[in-house]
Amino acid sequence: MPGVSIIIPTLNEGSCLERTLRNLRLLEPPAQEVFVVDGGSEDQTITIAQQAGVKVIFSQGRGRSLQMNQGAAAATGEILCFLHADTLLPDDAIAVIEQTLKDQSIAGGGFISLMVGEHTTRWGISLHNYLKTYYAPLVFRPHLFFKGLRLLFGDQVMFCRRADFWTCGGFDSELPILEEADLCLKLVRCGRLRQVNRVVQSSDRRVARWGSLKATAIYVYIGFLWGFGVSAAYLKQFYEDVR
């Protein structure tokens, strides 16, 4: 079976990384390797990663695109899986990923993201995030939608073959946000993208900070502007970092 390399970009993720790495130890079958690619954390992120025994890469700069590309360059697995530090996988995630990519017509995929917090589950926003995987490409790139384009984002835990990742150029390191959507536009040249019918749990920390209405408005606003070709550099101002 092809090995799966899990790549986690981090920047001051000490509050959630330990739980995520503990979750990865429960995967059956296990990942071939796990990389934490750090962008200059000033908290306990590095210590937590080292104590967990995962491979740590010190990034040449900050930015998820750059960090994930560095992780991909170091990976030896035939499949790359990009995981946020605040997202938890189901125990059989590796088997699900490998089974999905057995179909050679599929170039990549992601999971259904269920946004959860300490005291609540964000059902409404989770439903919208599920639906936008389909409606965003249908509205803005209909010709690619019918070729298999689905817009997947970081909290959906994107995965693809390492060969296809590099064939399409990897993540655009110049993009401050929406790097996953950009990768989807390139990856669909290699085959269809699929949102698998399995759930991962993602932190609601951004929604908790903004509130549900504001978060939904920002997500929709950014998505539509991106669809009309507005640059990610401009859109980044509406998407503050939240730890």
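The model is predicted: local features need pLDDT of at least 70, side-chain atom pairs count only at pLDDT 80 or more, and totals for chains, interfaces and linings use all residues. Residues are numbered from 1 along each chain as its sequence is written, and side-chain values use heavy atoms, with hydrogens and water left out. Helices (H or I, at least four residues) and strands (E, at least two) are DSSP runs, numbered from the N terminus.

**Strand E2**
- E2 spans residues 33–38, and six of its six residues are buried (under 20% relative accessible area, with a 1.4 Å probe and protein chains only).
- In a regular strand the side chains alternate between the two faces of the sheet.
- Glu33, Phe35 and Val37 point one way from E2, while Val34, Val36 and Asp38 point the other way.

**Pairing** (at least two DSSP bridges between two strands)
- E1 (residues 4–10) runs parallel to E2, joined by six bridges.
- In this pair, isoleucine 7 is opposite phenylalanine 35.
- E3 (residues 55–58) also runs parallel to E2, joined by four bridges.
- Here valine 37 is opposite isoleucine 57.

**Crossovers** (right-handed if, with the strands pointing away from the viewer, the path from the first strand over the helix to the second runs clockwise)
- Helix H1 (residues 17–24) forms a right-handed β-α-β unit with E1 and E2.
- Helix H2 (residues 45–52) forms a right-handed β-α-β unit with E2 and E3.

**Alanine 31**
- Alanine 31 lies in the loop between H1 and E2.
- Leaving aside neighbours within four places in sequence, alanine 31 is in contact with Val4, Ile6 and Ile94 (heavy atoms within 4.5 Å).
- The C-alpha atoms of alanine 31 and serine 231 are separated by 35 Å, and the two residues are 200 residues apart along the chain.

Definitions and conventions:
Buried < 20%, exposed > 50% of the residue type's maximum accessible area, 1.4 Å probe, protein only.
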